[in-house]
Amino acid sequence: MGRVGRALTWEAWLLIINVAVIALFANMVVGFAQSPAVLNVSRALTILGIIAVGQSLVMAAGGVDLSVGSIFGFAAVLLAILYKLGYGFGIMLLAGVGAGCFIGIINGLSVTKLGFKPFIATFAMMIALRAIAYFTMKGTIGLAAQGVTGTVWTDLVRVQSPLWLYPSFFILLVAAVGGWWLLNNTRFGSWARGTGGNLNAARAVGVPVDRVRIITYVASGALAAVAGMLNVGDIQGVRTFDGAGMELLSLAAVIIGGASLAGGSASILGTLLAVLLISLVKVGVSLMGIALWYQQIITGAVLLAALVLTRLSLRRGIARTEKELTK
Amino acid sequence: MNYMVQMKDVCKDFSDVRVLDCVDLQIEPGTVHALVGENGAGKSTLCKILAGFYPRDGGEILVSGQRVGKLDSRRALELGISMIYQEPNLAPLMTVAENIMLGQEPGFVINANQSFRRAEEILATAGFDLNVRLPVSHLTAHEKQLVEIAKAISLDTRVLIMDEATAALSAVEKEHLFTVIRKLKEQGVGVIYVTHILPEVFELAEWVTVLRNGENIGTRKVSEVTTDEVIEMMVGHKLTKATVEHRQTGMEVLRLENVSNLPEVHGVSLSLFQGEILGIGGLAGSGQRELARVIFGADRMDAGEMYVFGEKVDFKSPSDAMNCGISLVPRDRKGESLVPEMSLGHNVEMASLPTITKLLGIIDPSQERAMIRNQIQQLDIVPPMSGKVMEEFSGGNQQKAAIAKWLATKPKILILDEPTVGVDIRTREYLYGTLSELAKEGISLLLTSSDLKEVLRLSNRVLLMRKGRFVNELPGDPAMENEALRIITLGEEE
């Protein structure tokens with residue numbers, strides 16, 4: 001990287017990589033620049049992005065939430081069941097978000113009060129919730145829920161959003177701006193980053209570290225549930241494996257976005273740019289008509305390359321500022 | 001007398017080991033109460049109990065005459081008790097300002113400029129000069145300590161606990177800090193001052209309490225005791241000083257010519273001879289650590305040439321240096337040397353596994369046991385239990401283990417970077433004796449220290465370092481201390 005390279009932030013680099021990928025696909029892949037593909041990208045971006053915002057908060061506070069994919073699936077199953085039972089939109093929404101919050105509280109309590117490592121605690125939750133989803137659906141693979149989108153709210157946004165944009169994109173915007181503001185401009189954000197950066201230091205100055213960590217898991221659970229419910233409206237049904245793999249993709253996005261693996265910092269903007277990159281590659285590669293397993297190899301390779309770049313760039317960035325400061 | 005804090009019969013057990021046994025401590029307002037004792041005496045534990053970091057297992061605590069029940073960090077802060085920890089306790093990725101303001105943010109929404117200004121004010125009151133917009137990870141160890149101190153005195157503190165807060169400070173900063181402490185004293189703040197450095201007790205404190213093996217040996221008025229009496233209370237008997245002999249030295253084993261490790265080390269040249277202890281003295285942060293790292297290959301040389309046993313070398317990594325018979329005992333034993341969760345034995349053998357392995361890297365258990373036993377004996381590590389987890393040893397014994405780990409590699413040149421920081425007097429004397437023995441056996445030692453007394457007493461020759469350059473060479477003679485201090489502090493006011 002030259003002089004210009006070193007002057008750029010990691011977010012700027014991610015933006016450049018995204019633009020390059022868009023240019024590449026737009027020239028190589030037929031139909032990539034047309035509205036169905038753009039709609040697909042914005043859909044993938046919205047669903048994974050909402051989850052990744054929650055994951056960013058958890059990781060900033062020094063945790064990790066592996067249960068988001070299962071919360072996603074669980075909320076979807078819950079929504080479909082309530083729908084079949086004839087409940088209205090408001091109840092479904094409340095129940096789904098409520099369930100996400102509740103699971104977040106359990107995650108938070110088992111990390112703080114029971115002292116389990118976040119990785120283990122949320123991994124257990126991930127497996128248990130997935131099992132509940134299978135059990136509830138009595139072993140069937142899917143459950144149709146046609147018409148579940150036929151609600152006032154989704155009709156409203158569908159009418160007002162252009163054809164190429166996923167109608168719930170604005171939810172991602174609200175979550176991202178909210179998450180960014182919370183993390184960088186509020187006392188809670190300072191406490192969360194303090195807790196993630198040095199738990200003992202935060203505790204010693206009276207930060208309620210347990211409550212802070214629980215709240216991040218609650219936020220992550222609620223956002224994952226929202227994403228899961230949006231997905232139901234999208235595919236007009238529920239499958240038992242919905243959301244599987246989202247936990248690792250969201251984790252990768254937060255790390256590629258520039259968060260510290262040890263906790264203490266996360267960039268919401270960087271995370272979203274990483275989610276965009278993942279979404280672009282996913283849609284672009286599938287449009288190329290490549291078989292599914294090759295698609296996964298390509299996605300994996302892109303993730304790996306992005307991770308390597310992240311580490312290189314962050315290390316360089318730190319070395320650079322240190323040299324400058326000591327002069 | 002109205003005490004601000006009274007601790008009565010305070011007890012604490014760590015997994016069945018009694019670390020505090022019915023300890024009493026009283027703090028008067030507007031005084032400094034020094035707390036001294038060897039490593040493992042229970043000083044830090046007592047302080048952490050008062051700061052609400054550990055719950056106590058027995059006894060009671062009264063603050064301004066009122067009995068305090070359950071004491072956690074939050075409650076302690078409400079009562080006006082704040083503590084500066086031995087090691088900087090900061091969030092590395094947050095800015096200096098965010099760290100200072102953490103826990104005392106004025107409202108839910110934070111105005112960044114306002115908190116920068118507030119943090120600058122707080123630092124100015126303390127007399128420290130730091131850029132509040134920098135992430136803490138960019139600061140040096142002693143700058144981090146300054147942030148800690150500023151943070152603690154910015155709280156509405158009535159009782160301030162300082163656990164070896166000056167260990168990483170330079171002489172000038174220490175003076176600043178003492179001025180701040182005296183100011184706090186005038187305002188009626190009670191200070192608990194934990195230290196290993198006895199002259200500080202006599203300079204600063206009204207009262208001194210000595211702890212030994214978790215018991216209160218006695219509390220005395222500082223004006224009515226002598227240094228020797230305090231030392232005797234600390235060690236339980238009269239301390240015999242280790243004999244340090246200076247030997248005739250042999251051939252040149254290491255030569256540096258204009259070596260730089262920018263921006264800390266600028267064009268440094270030196271020669272080290274066989275069986276010699278070469279001291280490198282200077283204020284904290286003068287480049288000693290970076291010099292040690294570049295010789296060991298932990299940092300690459302930016303310029304210059306290095307010769308080991310007459311052959312030109314260019315170390316790309318520490319393993320290159322180890323192959324040439326060079327070992328480094330780093331100053332940060334927790335961060336760079338020991339694995340706290342692993343056993344003593346596993347820590348000691350870690351750097352020299354190839355010497356005890358057979359075919360395919362399988363460890364030979366009898367050789368392993370012999371080597372570990374040998375090292376534990378040579379450094380007199382207490383308790384001599386190779387299976388005990390490292391973090392359960394006291395600071396002094398951890399340092400012995402760190403040295404044992406590198407001695408096990410059978411180095412020809414051993415670099416020791418601040419080997420006695422945070423080590424109690426008795427262990428320190430023991431280490432002096434050991435190092436002197438090693439030199440007698442023909443090992444060449446390069447010793448960096450910001451403690452001039454230590455480096456002058458131990459070394460054959462002392463090179464004085466200031467701002468990354470050697471400024472003078474003195475013979476190793478404790479009588480040279482004033483001369484050395486004058487040389488290294490010269491130009492500080494520039």
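Between chain B and chain A there are 10 residue pairs in polar contact, both residues at pLDDT 80 or more. A polar contact here is a pair of N or O atoms within 3.5 Å; within protein, one must be able to donate a hydrogen and the other to accept it, and residues adjacent in sequence count only if both atoms are side-chain atoms. Helix α2 (residues 73–78) of chain B gives the largest share of the side of chain B that touches chain A, three residues. Helices (H or I, at least four residues) and strands (E, at least two) are DSSP runs, numbered from the N terminus.

A word on conventions: this is a predicted model, in which local features need pLDDT of at least 70 and side-chain atom pairs count only at pLDDT 80 or more, while totals for chains, interfaces and linings use all residues. Residues are numbered from 1 along each chain as its sequence is written, chains are lettered from A and ligands numbered from 1 in the order in which they are written, and side-chain values use heavy atoms, leaving out hydrogens and water.

Back at the interface, 26 residues of chain B are in contact (heavy atoms within 4.5 Å) with 32 residues of chain A. The area buried between the two chains is about 2400 Å², with 61% given by carbon and sulfur atoms; buried area is the accessible area (1.4 Å probe) that two parts lose on being put together, summed over both. L102(B), F108(B) and H138(B) supply 23% of the area that chain B buries against chain A, more than any other three residues. The count of salt bridges between the chains is one, and R193(A) and E98(B) meet through their side chains in a salt bridge at 2.7 Å, N to O. The term asks for a side-chain nitrogen of Lys or Arg within 4 Å of a carboxyl oxygen of Asp or Glu.

Now for the backbone. Most residues other than glycine have a negative phi, and most peptide bonds are trans. A cis peptide bond joins L262(B) and P263(B), with omega about 0°; P263(B) sits in the loop between β11 (252–261) and β12 (265–273) of chain B. Another cis bond links V382(B) to P383(B), with omega about -10°.

D9(B), in strand β1 (residues 5–14) of chain B, has a positive phi of about 50° although it is not a glycine. K467(B) also has a positive phi, near 45°, and lies in the loop between β19 (461–466) and β20 (469–475) of chain B.
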